[in-house]
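Here is a friendly briefing to read alongside the model. Please keep the sequence and the 3D view open as you go through the points.

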Amino acid sequence: MSLSLQGIGVSKGIAIGNVYIIHHEPVEINEYCVQSPHLPDEIERFENAISLAREQLLHIRKRVPKNSTIDIAAFIDAHLLMLEDSLLSQIPIDLIYEHQCNAEWALKMQCDSIVQSFEQIADPYLSARQNDVKHVVTRIQRILAGYQDSSLESASLSNAIIIADDLSPADTVLMQHHGILAFATESGGITSHTAILARSLGIPAIVGLQRVRSYIQADDTVIVDGSEGFILAEPDERSLCYYQRRQSQEKRYRSALSKIKASPTITRDGTSISLQANIEFPEDIKAVKRVGGKEIGLYRTEFLFMNRTQPPDEEEHLEAYRRVIQEAAPVTIRTLDLGADKQIVDNRQHHYSFITNPALSLRGIRLCLKEQNLFKAQLRAILRASALGEVRMMIPMVSDQSEIIQVYKIVEHLKNDLRQQSIKFDPSMPIGVMVEVPALAICSDLIAPHVDFLSIGTNDLIQYTLAADRNDQSVNYLYNPLHPAILRLIKMSIDGATQAGKPISMCGEMANDKRYVRLLLGLGLRTFSVNPESYLEVKKIINNTDMSHLPSLAVRMLDMTSQAERAELLEAINYES
Ligand code: PEP
Ligand code: MG
């Protein structure tokens with residue numbers, strides 16, 4: 001019998017395929033006593049588990065794609081080294097003897113003690129190693145408990161539909177290389193990074209499918225409808241035919257859209273609009289070119305840091321940027337925005353877990369100003385990249401002018417170093433800020449004169465303004481781009497930048513949403529930076545828009561308290577005459 005489950009569609013499209021379920025839950029560990037005569041058997045069981053863990057990791061390592069941008073192989077090598085280390089391979093054996101306990105318990109005691117010693121280390125990179133220890137220990141514990149290896153790295157995911165409790169950004173980086181069809185998760189929000197990445201990869205995705213793993217089993221055939229946000233398991237013949245037809249319609253729609261690839265982005269009454277693209281990986285540039293895009297309005301760089309234990313060095317940064325700059329101009333490189341929803345190794349086991357509010361803590365520019373070595377390697381690479389093409393540097397999570405002053409100071413310092421070393425850079429490389437914190441939007445008129453450009457990041461601006469965690473499905477209903485507070489902040493930011501004569505764009509997900517394109521044009525936005533998947537749809541709307549009546553309609557929305565009235569007005573704005 002067919003079964004349908006409703007969640008939140010976060011990436012459009014239809015996928016039909018078989019399910020692969022990912023379990024992240026830790027194994028439950030209990031202590032039991034092992035009598036002396038059985039201790040050698042217990043130790044043999046432990047040693048066999050270590051050998052099997054090694055075999056699994058070597059198998060995964062062989063399957064890492066050669067052209068992977070993320071150093072997954074190094075990540076796996078680090079885990080292999082840990083398996084060899086006496087901390088994990090010998091001390092648990094000593095503990096089994098000493099406590100006459102089972103292998104799982106001995107391993108747990110040892111893991112707790114390692115993690116505790118890591119927690120006393122202030123350095124975030126060393127501290128992040130505790131996640132690796134936990135990963136390796138969990139692998140051994142799962143083997144001891146007799147579980148199959150269901151980790152993402154080892155699976156054969158080609159043409160699979162992934163179902164999981166949640167996926168960290170690091171998981172989705174691994175998924176990128178596997179040719180999966182879609183994913184569905186029990187938690188997550190519309191602007192979580194996994195959702196954004198799914199959109200940029202162009203695969204359907206649904207989040208907030210509560211308890212989906214209790215109803216759907218591995219290998220079930222399912223249909224994922226990312227537009228409507230539902231999943232249909234074991235569909236009957238009629239449903240299957242219906243969705244196959246819709247898949248073909250979608251394909252035809254996309255190919256019709258591609259006809260406007262080469263046309264300029266200009267409204268019917270002649271206003272030129274700048275349409276730029278958001279990317280996460282250098283490879284994404286191919287998708288941008290497929291839709292005829294040339295300018296990069298947001299290059300998120302934190303993905304270079306995921307699934308590894310050491311940060312990338314200056315040369316590695318530079319190499320990634322070079323690959324993008326060869327193909328696009330200008331390229332807006334956003335400096336590191338780690339923290340909160342973009343953890344380095346694993347979202348669920350991060351080292352900030354003791355912080356009450358990671359989203360209000362050390363993330364983005366705050367982390368960079370604290371970890372200056374990390375920051376300087378990236379800044380030097382960005383400066384060097386500016387000699388290769390048109391590069392702009394953008395700072396995330398700015399809340400105060402003092403942060404901008406500090407960044408400028410560091411950049412000036414680095415420029416002097418580069419001059420002394422006779423290394424080329426563009427001395428007038430523009431430096432801009434993201435408007436993501438309400439304080440910056442409110443003070444945009446004060447900040448704009450001190451920067452070269454601004455870009456509105458609605459994903460965070462909405463989260464911080466409405467005090468609704470972008471990843472928390474229980475407050476997802478509050479996450480509303482049409483809230484007058486959001487619209488006023490957007491208008492304020494555009495006006496503040498315009499008065500100062502500084503360009504302002506929007507690179508948050510709101511700019512990707514067909515429903516809001518005309519409203520944003522009416523509020524004065526002239527530069528949109530969108531995912532390659534949405535690029536042509538946004539262009540089509542702009543090209544079909546008559547601007548003349550939009551500003552007066554858009555400003556009316558700023559004073560409407562009723563969501564129903566705003567929805568009605570939005571319909572009028574989007575009405576095709
Ligand atoms: C935003 O906050 O809107 C944004 C573009 O940045 P990110 O989604 O990477 O936090
Ligand atoms: Mg942001």
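A polar contact is a pair of N or O atoms within 3.5 Å; within protein, one atom must be able to donate a hydrogen and the other to accept it, and residues adjacent in sequence count only if both atoms are side-chain atoms. With that in hand, a polar side-chain atom of Arg470 lies 2.8 Å from an oxygen atom of ligand 1. This is a predicted model, in which local features need pLDDT of at least 70 and side-chain atom pairs count only at pLDDT 80 or more, while totals for chains, interfaces and linings use all residues. Residues are numbered from 1 along each chain as its sequence is written, chains are lettered from A and ligands numbered from 1 in the order in which they are written, and side-chain values use heavy atoms, with hydrogens and water left out.

**Overall picture**

- The protein has 23 helices and 16 strands; helices (H or I, at least four residues) and strands (E, at least two) are DSSP runs, numbered from the N terminus.
- Of the 577 residues in the protein, 57% are buried, where buried means under 20% relative accessible area, exposed over 50%, and partly exposed in between (1.4 Å probe, protein chains only).
- Among contacts with a separation of 6 or more, 71% are made by residues 24 or more positions apart; contact means heavy atoms within 4.5 Å.

**Around ligand 1**

- Ligand 1 has 17 residues around it, of which Arg300, Arg334, Gly457, Asn459 and Arg470 come nearest; a residue is near a molecule or strand if one of its heavy atoms lies within 4 Å of it.
- Oxygen atoms of the ligand are also approached by a polar side-chain atom of Asp460, at 2.9 Å, and by a backbone N or O atom of Thr458, at 3.1 Å.
- In UniProt, the annotation "binding site" (unreviewed entry) covers Arg300, Arg334, Asn459, Asp460 and Arg470; UniProt positions are given in the numbering used here, feature names are shortened, and annotations may be inferred rather than shown by experiment.
- Arg300 sits in the loop between strand E10 (296–299) and helix H12 (314–325), and it counts as buried because its relative accessible area is 2%.
- Arg334 belongs to strand E11 (residues 331–334); with a relative accessible area of 2%, Arg334 is buried too.

- UniProt lists Glu436 and Asp460 for "binding site" (unreviewed entry). Although they are spread over 25 residues of sequence, they cluster in space, with a largest C-alpha distance of 5.2 Å.
- Where does Glu436 lie? Its place is the loop between strand E13 (431–435) and helix H16 (438–442).
- Glu436 is buried because its relative accessibility is 2%, and its side chain reaches the backbone nitrogen of Met397 at 2.7 Å.
- Beyond its neighbours within four places in sequence, Glu436 is in contact with residues including Arg334, Pro396, Met397 and Asp460.
- Asp460 is found in helix H18 (residues 458–465) and is likewise buried, with a relative accessible area of 2%.
- Leaving aside neighbours within four places in sequence, Asp460 is in contact with Arg363, Glu436, Arg470 and Tyr479.

**Helix H18**

- How many of the residues of H18 are buried? The count is 7 of its 8 residues, leaving the helix mostly covered.
- The buried residues are Thr458, Asn459, Asp460, Leu461, Ile462, Gln463 and Tyr464.
- Just after H18, Ala467 adopts a positive phi of about 50 degrees.

**Packing of H1 and H5**

- Helix H1 (residues 39–62) packs with helix H5 (residues 103–119) at an angle of about 60 degrees, their axes being 9 Å apart; axes are lines fitted to C-alpha atoms, for helices over the stretch in contact, and angles run from 0 to 180 degrees between N-to-C directions.
- On the H1 side Glu42, Arg45 and Phe46 take part, meeting Ala103, Glu104 and Leu107 in H5.

**Two further residues**

- Ser239, in helix H10 (residues 237–257), is buried at a relative accessible area of 19% and touches Ile223 and Leu232, not counting residues up to four places away in sequence.
- Glu576 lies in the segment after helix H23 (563–574) and is partly exposed, with a relative accessible area of 46%.
- Leaving aside neighbours within four places in sequence, Glu576 is in contact with Arg518 and Asn544.
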